[in-house]
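I opened this notebook to record what I looked up in one structure.

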Amino acid sequence: MAHSQSLVKSDSGWQWPRPAACPPKLVAIVSALDQTREYIDRIVAGLAEEDLWWRPEASMNAMGNLLLHLTGTEHQWIGNKVGETPLKRDREYEFAAKGGHSVADLLSRLGEERQKTRTLLAALK
């Protein structure tokens, strides 16, 4: 069962409109992930690519690395572990990358993974 709806603001906060069969705990997980995504969007909105890949120190990660890592982690723990989809992740690259992806590209990748998460979790009973 695919789920393409986004968060809805209610008196109790942001909520993911859940499919009838989706357990409330899973709805809470996706809602938390989506709320985090809203924070991420606000933080990186309008960043130039050089700012996205800026590292405060050589041993630290840039925001671009963290976006790659978030996408890879969501795929590993939900897509692969819950959905049993093949693991396609290069964790070493997530932290070694020094550019080559725009804000739009990284947010699109995270969005695609989130849609897979919604679909997988909505199908659980």
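I first noted that a nonpolar core is a set of buried Ala, Val, Leu, Ile, Met, Phe, Trp, Tyr and Cys residues joined through side-chain atoms within 4.5 Å. Buried means under 20% relative accessible area, with a 1.4 Å probe and protein chains only.

I recorded that the model is predicted, that local features need pLDDT of at least 70 and side-chain atom pairs pLDDT 80 or more, and that totals for chains, interfaces and linings use all residues. Residues are numbered from 1 along each chain as its sequence is written, and side-chain values use heavy atoms, without hydrogens and water.

Core. I found 12 residues in the largest nonpolar core, among them Ile 40, Trp 53, Leu 67 and Leu 107. Helices H1 (24-44), H3 (63-80) and H5 (103-123) each supply at least two of the core residues; helices here are DSSP runs (H or I, at least four residues), numbered from the N terminus. H5 gives the largest share, 4 residues.

I then looked up Ile 40. Leaving aside neighbours within four places in sequence, Ile 40 is in contact (heavy atoms within 4.5 Å) with Leu 67, Leu 70, Leu 107 and Leu 110.

His 75. I located His 75 in helix H3. Is His 75 buried or exposed? His 75 counts as buried because its relative accessibility is 9%. Its side chain reaches the backbone oxygen of Pro 86 at 3.1 Å. Not counting residues up to four places away in sequence, I listed the residues that His 75 touches, including Asn 80, Lys 88 and Glu 113.

Methods. Buried means under 20% relative accessible area, exposed over 50%, partly exposed in between (1.4 Å probe, protein chains only). A polar contact is a pair of N or O atoms within 3.5 Å; within protein, one must be able to donate a hydrogen and the other to accept it, and residues adjacent in sequence count only if both atoms are side-chain atoms.
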